[in-house]
Amino acid sequence: MTFPKNAWYVACTPSEIDEKPLGRTVCNEKMVFYRGDENKVAALEDFCPHRAAPLSLGRVCDGKLVCGYHGLAMGCDGKTVSMPGQRVGGFPAIRAFPVVERYGFVWVWPGEAALADAALIPHMEWYANPEWAYGGGLYHIACDYRLMIDNLMDLTHETYVHANSIGQKEIDETPCKTTAEGDLVVTSRFMEGVEPPPFWKLALKGNHLPDDVMVDRWQICRFTPPSNVMIEVGVAPVGSGGYEAPNDKKVYSVVVDFITPETETSIHYFWGMARKFNPNDKALTATVREGQGKIFSEDLEMLEKQQRNISANPDRKLLMLNIDAGGLRSRKVIERLIAQEQPAA
Amino acid sequence: MTFPKNAWYVACTPSEIDEKPLGRTVCNEKMVFYRGDENKVAALEDFCPHRAAPLSLGRVCDGKLVCGYHGLAMGCDGKTVSMPGQRVGGFPAIRAFPVVERYGFVWVWPGEAALADAALIPHMEWYANPEWAYGGGLYHIACDYRLMIDNLMDLTHETYVHANSIGQKEIDETPCKTTAEGDLVVTSRFMEGVEPPPFWKLALKGNHLPDDVMVDRWQICRFTPPSNVMIEVGVAPVGSGGYEAPNDKKVYSVVVDFITPETETSIHYFWGMARKFNPNDKALTATVREGQGKIFSEDLEMLEKQQRNISANPDRKLLMLNIDAGGLRSRKVIERLIAQEQPAA
Amino acid sequence: MTFPKNAWYVACTPSEIDEKPLGRTVCNEKMVFYRGDENKVAALEDFCPHRAAPLSLGRVCDGKLVCGYHGLAMGCDGKTVSMPGQRVGGFPAIRAFPVVERYGFVWVWPGEAALADAALIPHMEWYANPEWAYGGGLYHIACDYRLMIDNLMDLTHETYVHANSIGQKEIDETPCKTTAEGDLVVTSRFMEGVEPPPFWKLALKGNHLPDDVMVDRWQICRFTPPSNVMIEVGVAPVGSGGYEAPNDKKVYSVVVDFITPETETSIHYFWGMARKFNPNDKALTATVREGQGKIFSEDLEMLEKQQRNISANPDRKLLMLNIDAGGLRSRKVIERLIAQEQPAA
């Protein structure tokens with residue numbers, strides 16, 4: 001196992017289950033997500049105990065998930081509630097997974113249910129906060145989720161993969177600093193007096209700031225387990241105070257990344273951007289989302305081919321440079337959590 | 001092996017081999033079907049003994065199947081007849097399969113040829129019978145053939161999978177009765193005074209009967225090995241005599257299902273409907289065929305995903321309810337036939 | 001291993017690497033081809049030593065291949081030259097493959113580099129020779145490369161696979177003669193007084209010769225290892241001297257085939273035709289290339305399905321007829337070369 005299972009993972013967005021149940025595999029577990037009793041989210045094994053039909057092909061009636069094959073009605077606890085013409089007392093229960101709807105996402109705990117504590121879900125200060133605007137999307141990528149953590153904890157790749165949008169030479173030239181404290185790993189880079197690349201020019205304009213000036217730029221990547229990476233990013237015209245500048249003198253955002261393992265070598269990648277400037281401009285939200293979606297799609301081919309190279313050469317040692325420190329420290333946190341899940345000898 | 005090999009299976013329809021040879025795998029055997037000597041159907045291994053080319057890429061000349069690669073001419077008995085510039089006496093024979101064209105289908109016996117008796121092919125009373133009309137089609141489905149037998153021997157699924165065409169609540173509410181005698185398994189259900197669902201309204205109109213009345217409805221599923229399921233279905237306006245009503249007072253059909261295993265987890269599914277009302281109305285035949293094709297296509301996703309759930313959980317026990325009795329008894333017949341094929345210890 | 005690795009294989013055409021690096025697998029080795037120092041062709045493992053990214057997603061700067069992920073700059077010898085912010089002295093080298101651009105192709109040596117001698121690349125007399133014109137293309141085919149050698153060393157298949165273009169009954173009826181000397185295997189067939197099939201009528205017209213006359217036709221197939229097949233082909237109106245006729249009285253070409261194994265069961269097939277008549281007619285070159293491309297595409301389905309039959313029946317013996325002598329002798333040469341590559345016991 002390369003991922004901890006006793007952890008909250010983003011499973012889907014609420015809109016994905018508004019119309020009908022959703023079948024999705026999380027950490028190798030085939031699950032069905034839906035709205036059950038009182039419209040609350042529920043997550044079960046996607047396996048009808050009657051004849052193994054996927055419950056995700058069924059529909060919800062009166063809070064029960066009714067199998068689309070022969071009508072078995074399943075409760076949110078995994079116990080069969082009823083089936084036409086049958087007494088269901090002896091039916092085996094299927095697995096129910098702890099699940100919580102919070103901050104605009106559905107979170108699932110694929111491991112030991114008794115340990116699931118909703119208080120462990122990371123707080124998102126921008127959610128339902130009028131000072132912020134949020135937009136995002138979902139990509140499916142055929143790679144180990146840790147390759148995406150590496151990607152996000154080492155932004156020197158922007159210079160090469162995203163050369164025409166957010167990349168610039170100064171990222172390479174400015175050393176980054178990585179620290180770790182407990183489960184939190186932080187890699188930060190501050191660039192002073194650089195030209196804003198195209199995406200940031202667009203953002204400056206979006207906050208009614210000049211885009212033809214030199215700026216200070218910052219990137220503060222924060223990993224928390226199991227696989228969440230929040231990146232404070234932004235630019236401020238030189239002389240405005242940089243990262244500390246007031247909101248109307250800078251463009252300040254948080255790149256939001258929830259990387260949910262589907263299998264050992266594939267992920268559901270929930271990406272987004274929380275923006276703390278001009279939050280009521282919905283057209284800007286759409287423009288930023290479209291721009292980010294295009295930029296983040298540039299990583300897909302690289303990550304999938306990198307995965308194929310690694311799978312074909314499983315024992316080959318890779319380099320561990322200082323720019324890789326963020327990813328490496330994050331992996332150490334993950335390894336510790338996985339080890340904790342193993343039964344004592 | 002999950003299927004008997006000493007049995008007649010439907011391999012194709014005659015029209016599939018009218019133009020050129022057809023390559024098709026039946027019970028894990030790669031075969032080529034074509035019209036050979038005197039236009040009679042023939043079935044051989046799809047493997048040229050010269051250089052392993054598939055004979056199905058060849059063409060028929062003077063009753064011989066000529067390999068499309070280097071011109072080896074093969075007889076219907078699997079013995080090479082000639083090859084340009086070669087003496088063929090020492091060429092190894094390939095396997096020829098017993099094959100019969102009957103009742104509008106080509107039947108093949110993938111097992112021991114000496115045991116193949118054409119008298120074992122089930123009689124189809126509607127074939128070339130002016131009282132009947134027939135239409136049907138072919139689907140390829142990635143599932144164990146026994147899942148399709150289960151499907152057809154338990155029609156409660158109509159309420160869920162085919163809710164908008166032939167399903168209705170009363171199917172669930174009316175108990176079915178299953179009996180077995182020798183190789184024949186019968187599951188029947190009789191519903192009295194129910195509203196005809198849309199497909200049956202269409203059929204009633206097709207026999208010039210009122211479609212806004214309550215009807216008696218019947219379903220009598222008959223499994224015979226290796227994997228044939230014939231289902232007497234129909235409705236008659238209440239008071240007409242139900243199943244026993246005269247032909248002009250009811251709509252009476254037989255759903256015809258030949259389920260031919262391609263591999264352990266895929267099938268060629270020949271579905272059709274033999275109709276014993278208004279047989280000369282060709283437009284009606286086309287309408288019924290189109291309606292059935294659409295209805296039967298609704299099972300595909302369910303069966304393929306059910307198969308994937310089973311393949312991923314091979315040891316997980318499923319439920320055996322009374323509605324499953326038809327499928328279970330049919331599997332017992334199949335198991336007995338497979339056991340009979342094993343060499344004595 | 002079914003192919004020798006100490007040999008020159010065609011990897012690509014120069015135009016494939018004009019714009020950007022090309023990732024391609026040759027003999028199971030994932031390689032990247034590009035133009036490096038002084039615009040010379042280079043071939044490396046397609047694997048960045050930093051984090052396993054494929055170098056083929058990078059770009060060339062100042063003769064170095066710069067990884068498209070984090071900017072590592074790689075030299076043509078497989079040693080890292082530089083990386084932003086890093087000292088690269090301790091970086092492990094990746095494999096560089098001997099590579100030569102010659103005769104309009106890029107040749108690679110996937111085996112032991114010390115043995116690579118460019119003098120072993122076969123001479124192509126038509127290259128940059130005003131008496132000749134050349135056109136060709138590339139197909140990817142899912143078959144063992146030896147099946148394509150068989151195909152080209154036994155042209156009786158033209159009668160069946162290419163019946164409407166270059167096939168004719170007389171190919172079957174005229175015995176071929178196979179000789180071998182050292183590494184060279186030759187199979188030849190001379191047909192006298194036959195009607196030219198459609199492709200050759202087109203060629204006759206292309207050389208301003210009558211196409212409504214009987215012709216002498218020749219096919220001289222020459223295999224040289226590892227997997228090159230050159231076929232002298234042509235026709236001359238009866239009485240002109242046949243194969244020996246002067247250039248303006250015949251149409252004379254060499255079919256050029258470089259068969260590069262990608263894996264044990266797939267190939268990059270570089271096909272072409274060198275024409276020694278009317279060489280300055282560029283429209284004719286395009287017409288011939290289009291015709292050949294269409295004809296050679298007719299082999300694909302046959303070869304891929306033949307491969308599947310062989311893979312499914314690995315131990316089944318095939319026939320070895322006299323028409324197969326060319327392929328069989330070629331395989332013996334290959335086997336000898338593979339045996340020579342094995343370390344002594």
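1. Symmetry of chains A and B. Chain B superposes on chain A through a rotation of 120 degrees with 0.0 Å of shift along its axis, at an RMSD of 0.0 Å. The two copies are thus related as by a three-fold rotation axis. Superposition here is by least squares on the C-alpha atoms of residues with pLDDT of at least 70 in both copies.

2. Basis of the model. This is a predicted model, in which local features need pLDDT of at least 70 and side-chain atom pairs count only at pLDDT 80 or more, while totals for chains, interfaces and linings use all residues. Residues are numbered from 1 along each chain as its sequence is written, and chains are lettered from A and ligands numbered from 1 in the order in which they are written.

3. Contact between chains A and B. Chain B contributes 19 residues and chain A 16 residues to this contact; two residues are in contact if their C-beta atoms, placed from the backbone, lie within 7 Å. On the side of chain B that touches chain A, α2 (158–161), α3 (169–173) and α5 (282–312) of chain B each supply at least two residues. The most comes from α5(B), with six residues. By class, this side of chain B holds nine nonpolar, five polar and five charged residues. For these classes, Ala, Val, Leu, Ile, Met, Phe, Trp, Tyr, Cys and Pro count as nonpolar, Asp, Glu, Lys and Arg as charged, and the others, Gly among them, as polar.

4. Contact between chains A and C. Here 16 residues of chain C are in contact with 19 residues of chain A. The side of chain C that touches chain A divides into nine nonpolar, six polar and one charged.

5. Overall form of chain A. The chain has six helices and 17 strands, which are DSSP runs (helices: H or I, at least four residues; strands: E, at least two) numbered from the N terminus. With 345 residues, a compact globule would have a radius of gyration near 20 Å, and the 22 Å of chain A agrees with this. That radius is taken over C-alpha atoms, and the globule rule is 2.2 Å times the number of residues to the power 0.38. The C-alpha trace of chain A spans about 75 × 50 × 35 Å along its principal axes.

6. Burial and contact range. Of the 345 residues of chain A, 48% count as buried. A residue is buried if 20 or more other C-beta atoms, placed from the backbone, lie within 10 Å of its own, exposed if 12 or fewer do, and partly exposed in between. Among contacts in chain A with a separation of 6 or more, 59% involve residues 24 or more positions apart.

7. Domains of chain A. The assignment gives domain 1 (9–120) and domain 2 (133–341); such bounds come from an automatic or database domain assignment. The C-alpha centres of the two domains of chain A lie 33 Å apart. Seven residues of domain 1 of chain A are in contact with seven residues of domain 2 of chain A. On the domain 1 side, β1 (9–12) and β2 (22–26) of chain A each supply at least two residues, and β1(A) has the largest share, three residues. This side of domain 1 divides into five nonpolar, two polar and no charged residues.

8. The sheet β5-β6-β7-β8 of chain A. Four strands form an open, antiparallel sheet in this order; strands pair if DSSP finds at least two bridges between them. The edge strands β5 (59–61) and β8 (80–82) of chain A each pair on one side only. Strand β7 (residues 73–74) of chain A is joined to β8(A) by two antiparallel bridges, and A:M74 has A:T80 in β8(A) as its bridge partner.

9. Strand β15 of chain A and its partners. Eight of the 10 residues of β15 (residues 228–237) of chain A are buried, so this strand is largely enclosed by the rest of the structure. Strand β14 (residues 215–224) of chain A runs antiparallel to β15(A), with 10 bridges joining them, and a hairpin of three residues connects β14(A) to β15(A). In this pairing A:Q219 stands opposite A:V233 of β15(A). Strand β16 (residues 251–263) of chain A also pairs with β15(A), in the antiparallel sense over eight bridges, where A:M230 stands opposite A:V256 in β16(A).
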